[in-house]
Amino acid sequence: MRKSCPSRSLLIWPPLPLGVYFKKKADWLPFPLNQEGCRIYSLARHAIWNACQSLQLGSGDIVLAPAYHHGSEIEALIEAGLQIRYYEVNEALEPDPECLQALLTPEVRALYIIHYLGFAQDAGFWRQWCDSNNLLLIEDAAQAFLATHQGQPVGSFGHMGVFCLYKTYGIPDGGAVICTVPPALPIAVSETGGWRAFKRHVNWIAARRAEVGRVHLFFKPIVTWWNKTWHRMRGQLTIEFDMGNPASPPSALTNYLLPKLLDETTAERRRANYRFLLKHLSDMVPAPFASVPDGASPFAFPVEVHNARNFLMELRKKGVVGLLFWLNPHPSLPVEDFPRSKRLREGLVALPVHQELALADLHQIVDAVLDVRVKNEAEVGAVV
């Protein structure tokens, strides 16, 4: 087994290279940025709220939404005036048509699907299903910017497609939306984005310099804890669900840096990194993500583990900062009514796969996961 430097800090989020300011603007604009009706806000939840207004979705309307979700998208729908009727995902993490049919009433106006981890749902099928049931289709491509399905951009099948740009590139913020009725332009004052850009630069350095990585690994959980505590003290939902101002535009640095970062090879580099990890860790990957379609643009690499919290803690000691994928659902979800979604939340660990990873980083991730798994299996065997 290769020995890698455990002090370098590798995160899910793509970092921001220091040299980006010297790059030229890309000539290439991917979907939906190449569409005249595309709108970009600070966050994807702002994009959802504004698109609901333009589609005249609101009071008294119901949207069918997956029980397996982040929570910020649900909060945006509720803030827009909609009611949520949850459905369970099947083993392929897709809606079940028969189950959806049982949820239909005259008040249901839309179906919300999520392209999990940058892997496309069969959006063409769901558009036909929605058309036949006189519903709007909302595609959540927050993790699937640059992904395609059957040669067509993910997010282009529905009446609304939402994208989270900073999940693909290391910019401070940016939530894009394309809609059959273009929503209003953001009108609030733009922030600079300087602090968030600085943190992304630190992430980039921490992945390359062991001494910075050690400091980063120590302070990051403290900062996360403080952010959550601050929101609770103010009586707000957690920072993950906080709506903020829906009229917020992207930061000035996002507008400046995004054109310099756009690259036609990004999705392919993410797929290559995913395939490398899959080659070494395939027996830990859940079935819906056990192969990589050519059109995928992976956001993270998923592994199913027992005692996920401890697994993540041990990985952090080795410099790999994963996350429990969507551990905390929106408070409106009756968690026990959706056992498959609950099981996914408690056992699906997401690992870095972004385009800024070098070969040594990929080896560090593989070595860390295998080491922790061996340790956990030895501890379970000792107890038995």
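How many nonpolar, polar and charged residues does the lining of the largest cavity have? I took up this predicted model with that point in mind; local features need pLDDT of at least 70, side-chain atom pairs count only at pLDDT 80 or more, and totals for chains, interfaces and linings use all residues. Residues are numbered from 1 along each chain as its sequence is written, and side-chain values use heavy atoms, without hydrogens and water.

**Entry 1: cavity.** I searched the whole structure and found 1 cavity of 30 Å³ or more. A cavity here is a set of points on a 1 Å grid over the protein atoms alone where a 1.4 Å probe fits but cannot get out; lining residues have an atom within 4 Å of a point. The largest cavity holds about 70 Å³, a volume being the space filled by probe spheres set on the points, which are joined across faces, edges and corners. I noted among its lining residues Trp13, Asn203, Arg208, His354 and Asp361. By class, the lining has 6 nonpolar, 3 polar and 3 charged residues. Ala, Val, Leu, Ile, Met, Phe, Trp, Tyr, Cys and Pro count as nonpolar, Asp, Glu, Lys and Arg as charged, and the others, Gly among them, as polar.

**Entry 2: sheet.** I traced an open sheet of 7 strands with mixed pairing, in the order E2-E10-E9-E6-E5-E3-E4. Strands are DSSP runs (E, at least two residues), numbered from the N terminus; two of them pair if DSSP finds at least two bridges between them. Strand E2 (39-41) and strand E4 (83-87) are the edges, each pairing on one side only. Strands E3 (residues 62-66) and E5 (residues 108-114) pair in the parallel sense over 3 bridges, and I located Ala110 of E5 as the bridge partner of Val63.

Definitions and conventions
On a 1 Å grid over the protein atoms alone, a cavity is a set of points where a 1.4 Å probe fits but cannot get out, and a pocket is an open set with protein on both sides within 12 Å along at least five of seven lines; lining residues have an atom within 4 Å of a point. Helices (H or I, at least four residues) and strands (E, at least two) are DSSP runs, numbered from the N terminus.
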